[in-house]
Amino acid sequence: MQAERANLLKPKIAKALDKLSSKTVIKNTVYIVSIIIFFALILLPPILGIIIKWGSIEDVLNQPKLMSEALNAIAASFAVAFFVSFIDVVAGVPMAWMITRGKSKWLSVLDTLSDIPFIVPTATLGYSLLLFWSEPGGLSSLFGASFVSPGWLLVILLHFTFSFPVVVRVMVGALLDYKLEYEQAARTLGAAPLTADRTVTFPILKHSLIASFTLAFARSLSETGATMMVAGVFVHGPIFIKNHIGEAGPLVFVSAILIALSSLVFVTIRLLGPRLKMPVRKVWPVAERKLSSSTIASSRNGITLLIFFVIVLVPSLFVAVPAFEAIFTGVLPEALGGVGVWGDYWQSISLSYFVGIVVTLLNVVIGLPMAIIIARRKIGNGPSAVLDVLVNIPIIVPSVALGASLAIFWENFAFMPDILLLIFAHLSITYPYFIRSMSAAVERISMELEEAGRTLGAKPLGVFRTIIFPLTKYSMLSGAIMVFTRSVSETGATLVVSNLKTAPVLLAKYWVLPFMEDPLSAPVTRAEIGLGCGFLLALSFAILLVLRLATRGEKGH
Amino acid sequence: MPDVRLVNVTKRYGKIVAVDGVNVHIYDKEYFSLLGPSGCGKTTLLRLIAGLVQPDEGEVYIGDRLVNDVPPEDRDIGFVFQTFALFPHMNSWNNVTYGPRVKGFDMKKAETIGHEVLDMVRLHERLDAYPNELSGGMMQRIAVARALAAGSKLLLLDEPLGQLDAKVRNELRYEIRRMTKDLELTAIHVTHDQAEAMAISDRIAVIKKGKILQVGTPKELYMTPKSIFIAHFIGESNFLEGYVSNLSRRGATIELRGGIKVHVEVPKNMEKGDRAILAIRPETFVIEKGIKKNKNSIVGIVERITFEGTNIRYEIRLRNEDSVVVIRPSLVEEWLKVGEKVTMSFSPENTHIFAYPEAGLREELAVE
């Protein structure tokens, strides 16, 4: 009876809401509120945080040694990010090419595998790489000593590993959207495959190449948690900030420079990117024909696969080895029972997932109207385009710098609990991911479909419920999963905005680092760290599975 | 010399047979059209010739050379795509000279060729324009110029006029034919527009469901269609159902539904009692007011009149409830009126007789 009444009530409520949505005042209020929330909670706090404590920069300026350390750390950040993004593109493009152009049925498996480092929480990834490259039991057991000791080289390997899937994903999408006819036209005009790719395909895909470089660059610049594990004595910007938590001067100095420089780099790329010409226009028909041979193509594919398996995939999953060992040494029952350190661990996991869920829901609620404003140019072409640029800023700002400036801003509000601060920080960091995913999905839907709905009598909310939502629900789900995984992995900002122990913070700061300093006095054993990472990895795989199922639903749809 | 031969060529996509055992010989310097409804396999056939797809069976020859394993860049062809596929990051000049550049011609020669072909398509003044700054007609001409500049004697055109307005399309189709004839090229032109194919082709191959049904000059296809589908697809035909009621050396009598009898030439491969389809072109009827007792005549009532400019089109309901279309010149005769009784006569020479198709008439005429 109650269910029947609820069913009858549902269309009535929907009808009433639909009716409300056609009132311009209501519609505009929703849009204005979402814009105000964006400025008040996401964009302005980090900027104001830096401005508030601007004076403390003198602390650094007056200490030449500290300043030189800070500048060196910033330079190291940019050097690593540039180098890693460059090799990511060089290695990632052939991989994307192979996935999209190859004919083997195994390529869809390869496609899924290439996502793994993206889905593995970076703290787990850091430990996994450490085990594989440096610790006994990994490559070191083959070569006798620490094969790659913690330091700049391991940082580069780590950053390459986690940003590689970003390049592959962007380029796979671009290649699938690419109109093959351009390349075919070039071939019919006499161009060898290599010439056609070099002179036609890549110049047309220039925007995607730049986008993949930029995203890899931003991801490298931001990463903190995993880098802490593998950095050794190497210090880059985020680690410098982490080392000086509680000191306003170094925090503001490095954050301000990181934010300013990364913004400058991205604005430059945005402005100059479209004008960038591919370096060599001259054609060498004979040589390029030889380089297009099937032998060369097979060798290229072989090298690409080797790099992927040896440098990306196996190191990413290597943590599974101690995790399995732990299962057979009795650690598992302790872990599942929450005995000792495991009580803290499960608490941190609960906290991470709680924050992840809250942040995801907030993103959906406040992000949807913003995505529609951007996609449908609701506030005019110019202002909507400006908003489009502004919502992307948190992606390009290193998360640790963002966290530091947010912490400074919110410490003025004494009533602010730590958990809320953490949620705000994660909201700032993840907001662009949801907006990008949703606004792109809405943009793909022809305006005519919306207009058709309106001419058939649907109110604006009705159009959203019956046309936009069914057509974008899979993108919304993908965006939400991306937000969720990013939030669960986040370490840098989390470390500086609060003392709360999320799972990656617990693993990086309280388990791995003490263990590396002194395994005997550390609160955990190697097996326990392995199992802790293994649980996170298993949960991430479950999420990947959901993502895959959702995507499959989209294809069916 | 670039004549093209396809021998038993088959191409499958999974379970779908896109091209089914095609045999055809396209002569040197010929303007040849592949004509058929959407999805009939005509574009696949062109792509097989270009090397953009590989045949599952059969052989493709360009000149005397078997090209099955030759990549597109080595087939010495020019290809005009339906969407033009002009490189969006290059201006008109760089698009046009792309072929000579990638083939390794020296710059001077590439430039000479570029100027020649741009002269030919009369687009010299838009050298610096990018594709998004050109109209549909201009893009089409640049696409043709680019294909010509590659210097090949074989030009493949995949529905090159499909994206253009009717007026521009009509102008450009003659222009393309003129250029190919001036340059003595072999041209293979894919289209679903029978009027376009009839207007420009030396010969046409009509394709349905991956098979070539008939190859011939436009006149041959129109005057002597070998199947009901061709009679339907090339031009327009009235189809009247009946059976062979009498057969002699001098001719045959077909009895249409409702007992209407008509006398026609002796049909091939048909016997007395066989079901038959009579195909009569709408413009071959002689139409008179009132009921007349002419030989080979049918009587009906004018049901609808459509003024089409040059012609006037009458839809006439017969006594047996079949409908017939008659087309007459609009300006030389007095128009009939709706509801008027008329007699339509036709000569046996202008009538085609076909055996009733096994799959049924509707299926036989289906274009999709």
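## Two loop residues of chain B

B:Glu159 sits in the loop that links strand β7 (154-158) to helix α6 (166-182) of chain B; helices are DSSP runs of H or I with at least four residues, strands are E runs with at least two, and both are numbered from the N terminus. The model is a predicted one, in which local features need a pLDDT of at least 70, side-chain atom pairs count only at pLDDT 80 or more, and totals for chains, interfaces and linings use all residues. Residues are numbered from 1 along each chain as its sequence is written, while chains are lettered from A and ligands numbered from 1 in the order in which they are written.

Although B:Glu159 is not a glycine, its phi is positive, at about 40°. Is B:Glu159 buried or exposed? With 20 other C-beta atoms within 10 Å, B:Glu159 is buried (buried means 20 or more such atoms, exposed 12 or fewer, and partly exposed in between, with C-beta atoms placed from the backbone). B:Arg122 is another non-glycine residue with a positive phi, of about 55°. You will find B:Arg122 in the loop between α4 (107-120) and α5 (136-149) of chain B. B:Arg122 has 12 other C-beta atoms within 10 Å, so B:Arg122 is exposed.

## Chain B as a whole

Chain B contains 10 helices and 20 strands. Taken along the principal axes, the C-alpha atoms of chain B fill a box of roughly 75 × 45 × 35 Å. Of the 368 residues in chain B, 40% are buried. Among contacts in chain B (C-beta atoms, placed from the backbone, within 7 Å) between residues at least 6 apart in sequence, 65% join residues at least 24 apart.

## Confidence

The mean pLDDT of chain B (the predictor's confidence in each residue, from 0 to 100) is 90, and 99% of the residues score at least 70. Which element of chain B has the lowest mean pLDDT? Helix α10 (residues 361-365) of chain B does, at 83, whereas strand β3 (residues 31-35) of chain B has the highest, at 97. For the complex, the predictor gives an ipTM of 0.82 and a pTM of 0.81.

## Where the chains meet

Chain B brings 21 residues to the contact and chain A brings 16. On the side of chain B that touches chain A, helix α3 (residues 98-102) of chain B gives the most, with 4 residues. That side of chain B has 13 nonpolar, 4 polar and 4 charged residues (Ala, Val, Leu, Ile, Met, Phe, Trp, Tyr, Cys and Pro count as nonpolar, Asp, Glu, Lys and Arg as charged, and the others, Gly among them, as polar).

## Helices in chain A

Helix α24 (residues 447-455) and helix α25 (residues 460-489) of chain A have axes that come within 10 Å and cross at roughly 135°. The pair α24(A) and α25(A) is therefore oblique (not under 35 degrees, over 145 or from 65 to 115; angles run from 0 to 180 degrees between N-to-C directions, and axes are lines fitted to C-alpha atoms, for helices over the stretch in contact). From α24(A), A:Leu449, A:Glu450, A:Gly453 and A:Arg454 make the contact, and from α25(A), A:Val463, A:Thr466 and A:Ile467. By class, the residues joining α24(A) and α25(A) are 3 nonpolar, 2 polar and 2 charged.

A:Ile423 lies in helix α23 (residues 418-444) of chain A. A:Ile423 is buried because 20 other C-beta atoms lie within 10 Å. Leaving aside neighbours within four places in sequence, A:Ile423 is in contact with A:Val355, A:Val358 and A:Val359. A:Lys19 is 404 residues from A:Ile423 along the chain, and their C-alpha atoms are separated by 34 Å.

How values were computed
Contact = placed C-beta atoms within 7 Å.
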